Amino acid sequence: MRKYLTKRFLTPLIWLGLIGNYGFAQANFSETKSSTDPNWAKKVVWYQVFPERFRNGDPTNDPTLLDTYGSYPYDSLSPWQIHTWGADWYQLQPYEKKNSYDIWKNISRRRYGGDLQGVIDKLDYLKDLGISAIYMNPIFMSPSLHKYDAICYHHVDPTFGPDPVGDKIMMLSETPDDPTTWQWTKADLLALKLIKECHARNIYIVFDGVFNHLGWKSFAFKDVEKNQAASKYKNWFDIQSFANAATGTKFEYKGWWGVKDLPEIKEDENGIVAEPKQYIFDITKRWMDPNGDGNPSEGIDGWRLDVAFCIGHPFWKDWHKLVRSINKNAYTTAEIMDDVPKLKEYVRPDEFNGLMNYNFQFISSEFFISEKNRISPSVFDSLMERQRNAFPYTSVLQLQNLFDSHDTDRLGSRIVNRDKRPFLQWQKWFDESHGRDVAFDTRKPTFAEYEMQKLMTVFQMTYPGAPMIYYGDEAGIWGANDPDCRKPMLWTDITYQPESTLPNQRSKAQIDEVSVNKDLFAFYKKLINIRNKHTALQLGEYKTILLDNPRQLFGFMRNYSNSNIYIVFNNSNRLQGATLDIPANVRYRELLSGKLYPAIKSDAYVEQQLFGISPHSAIILIDDAE
């Protein structure tokens with residue numbers, strides 16, 4: 001999803017109707033396995049990279065104004081330059097003041113030069129953080145900053161590689177829909193190097209597949225525009241009418257969600273039709289098995305599928321068979337934001353392994369962030385239970401548990417703006433969480449608000465499912481919804497101007513310093529290390545062990561083999577004593593602080609034990625003998 005989305009965050013999530021009884025069966029907590037389960041996907045910590053804003057590793061390949069041709073706001077003439085990485089986000093730069101656009105159109109014109117070399121350069125940073133899987137937003141050739149309007153899927157964007165001009169010349173000798181003519185550009189080869197460098201560090205990597213539509217500057221659609229009904233690609237798109245002077249008809253076609261920049265690929269009762277389906281199958285093979293030798297080790301480890309709900313199930317079932325035939329351990333995850341019955345249609349042995357778990361975000365935000373609208377521990381537990389019980393537990397462990405993404409406001413800014421409305425009213429929250437909305441506060445989070453982000457991170461790293469971090473959350477990036485959630489990554493070797501400007505171009509009353517939040521980074525690193533170290537947090541069964549509504553206490557246990565880990569949250573603003581029924585004659589260690597709790601002498605297997613928990617804080621307890 002991308003900037004065009006305002007109409008589309010689907011169901012206003014009246015799925016809170018979930019509080020009603022769907023009659024779900026209890027989850028099966030055994031670690032069931034099947035031939036379609038990539039077990040590695042249950043153990044990883046994901047990191048989402050938005051390439052254009054992550055790191056400029058090679059300034060010699062920076063995009064030119066011509067490279068942006070065809071992308072919003074469709075201006076390839078006004079003064080333009082690569083934007084300074086550390087510039088004040090809302091402050092119009094001198095070159096931008098020479099056009100007549102507002103801040104929002106100017107932000108859409110900006111390019112910062114992020115590229116694949118930048119990702120490669122920072123793999124050791126991600127490894128040090130504890131990341132074991134990367135989800136790359138689209139990297140295929142496209143004029144936009146987000147790359148969801150692809151020109152093609154068989155080539156990486158030339159400006160992400162070392163030789164943009166040479167790559168474009170090489171492409172001229174190809175027939176775009178004929179894989180026997182395809183070559184490996186320098187950008188393509190750098191993508192293969194990225195995959196190799198990830199694998200050398202035991203990091204998995206998946207690419208974003210946008211199969212519902214192409215961009216209007218794509219090779220296929222440009223041919224249709226030029227040749228109309230005579231085009232070899234006329235059956236690729238959902239076209240209502242061709243231009244015909246004799247009959248007076250105009251060229252009309254269906255754009256995704258009404259956006260003409262994104263012509264939809266044609267479907268019938270079997271999903272995507274034969275010609276574009278074959279192209280998608282060909283590029284799937286190309287990136288999963290680059291050598292075509294049946295050895296997928298040099299290819300990507302799976303796919304994240306954009307707007308998967310917009311494509312018919314028959315296509316996904318066929319595509320799933322292809323993916324499994326190439327790499328039986330590949331992971332596929334779908335972007336679907338809807339209620340549980342709809343989600344269950346996609347997480348199946350013959351379609352997807354997992355989902356971007358947006359419902360995890362919505363429910364967690366309502367419990368941890370809200371104050372006036374906060375749901376009780378019991379309601380929170382009930383909503384999360386229904387989400388867990390909707391799927392086999394082996395699938396639950398593969399859901400990507402996220403708090404934000406390139407399509408939402410940043411977690412830090414959601415905390416700043418808590419109580420403007422319930423987060424479970426997601427459609428309305430989405431519409432109102434933009435920087436252009438004067439009621440949305442775009443300031444930097446306070447120390448206390450970052451502490452709330454830490455508390456949520458404890459939950460994310462200990463709850464069933466694979467945590468997914470949106471780039472820069474660990475460094476303290478804040479921002480409203482798209483485009484403000486796509487600020488340049490914070491690095492210690494770059495000097496950043498303070499944010500002194502409001503979206504309306506007035507000066508802020510209080511200037512916000514911009515730099516890496518080293519304390520927050522250290523906390524993320526500690527939590528990720530705890531999750532990576534303990535199999536119980538990756539594969540363990542789940543059991544709620546504490547619900548105390550008046551005192552805002554919530555706790556659960558993760559169990560794997562003979563290992564038990566107890567996690568308890570104090571979501572109140574005062575020190576609380578939590579009484580837990582856990583085994584006696586055991587000395588417990590608290591993993592966040594390292595504090596040791598002496599064993600209570602008792603012959604009883606289960607004994608009540610008291611633990612003090614600070615306000616808006618959590619404890620993670622484990623048998624010190626482990």
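**A note on strand 9 and its surroundings**

1. Let us start at a strand pairing: Gly-302 has Tyr-331 of strand 9 as its bridge partner. Strand 8 (residues 302–305) and strand 9 run parallel and are joined by 4 bridges; strands pair if DSSP finds at least two bridges between them. Helices (H or I, at least four residues) and strands (E, at least two) are DSSP runs, numbered from the N terminus. Between strand 8 and strand 9 the chain passes through helix 9 (residues 313–326), in a right-handed β-α-β crossover. Right-handed here means that, with the strands pointing away from the viewer, the path from the first strand over the helix to the second runs clockwise.

2. A word on the basis of all this. This is a predicted model, where local features need pLDDT of at least 70 and side-chain atom pairs count only at pLDDT 80 or more, while totals for chains, interfaces and linings use all residues. Residues are numbered from 1 along each chain as its sequence is written, and side-chain values use heavy atoms, with hydrogens and water left out.

3. Strand 9 also runs parallel to strand 10 (residues 354–357), with 2 bridges joining them. Opposite Gly-354 of strand 10 stands Thr-333. In a regular strand the side chains alternate between the two faces of the sheet. In strand 9, Tyr-331 and Thr-333 point one way, Thr-332 and Ala-334 point the other way, and all are buried (under 20% relative accessible area; exposed is over 50%, partly exposed in between, with a 1.4 Å probe and protein chains only).

4. The aromatic pairs deserve a look. Rings of Phe, Tyr and Trp (its six-membered ring) pair if their centres lie within 6.5 Å; planes under 30 degrees apart count as stacked, over 60 as edge-to-face and the rest as tilted. The count by this rule is 70 aromatic pairs. Trp-40 and Tyr-331 are an edge-to-face pair, because their planes are at 65 degrees, with ring centres 5.9 Å apart. This pair connects distant parts of the chain, with Trp-40 in helix 1 (residues 40–43) and Tyr-331 in strand 9 (residues 331–334), 291 residues apart. Trp-40 is buried at a relative accessible area of 10%, and Tyr-331 is buried at 0%.

5. What kind of pair do Phe-360 and Phe-403 form? Their planes are at 25 degrees and their centres 5.2 Å apart, so the pair is stacked. Phe-360 belongs to helix 11 (residues 358–368), and Phe-403 to the loop between strand 11 (400–402) and helix 14 (411–416), 43 residues apart. Phe-360 is buried at 1% relative accessibility, as is Phe-403 at 2%.

6. Asp-407 lies in the loop between strand 11 and helix 14 and is buried, with a relative accessible area of 0%. Its side chain makes a polar contact of 3.2 Å with that of His-406 (a pair of N or O atoms within 3.5 Å; within protein, one must be able to donate a hydrogen and the other to accept it, and residues adjacent in sequence count only if both atoms are side-chain atoms). The C-alpha atoms of Asp-407 and Asn-481 are separated by 6.7 Å, though these residues are 74 residues apart along the chain.
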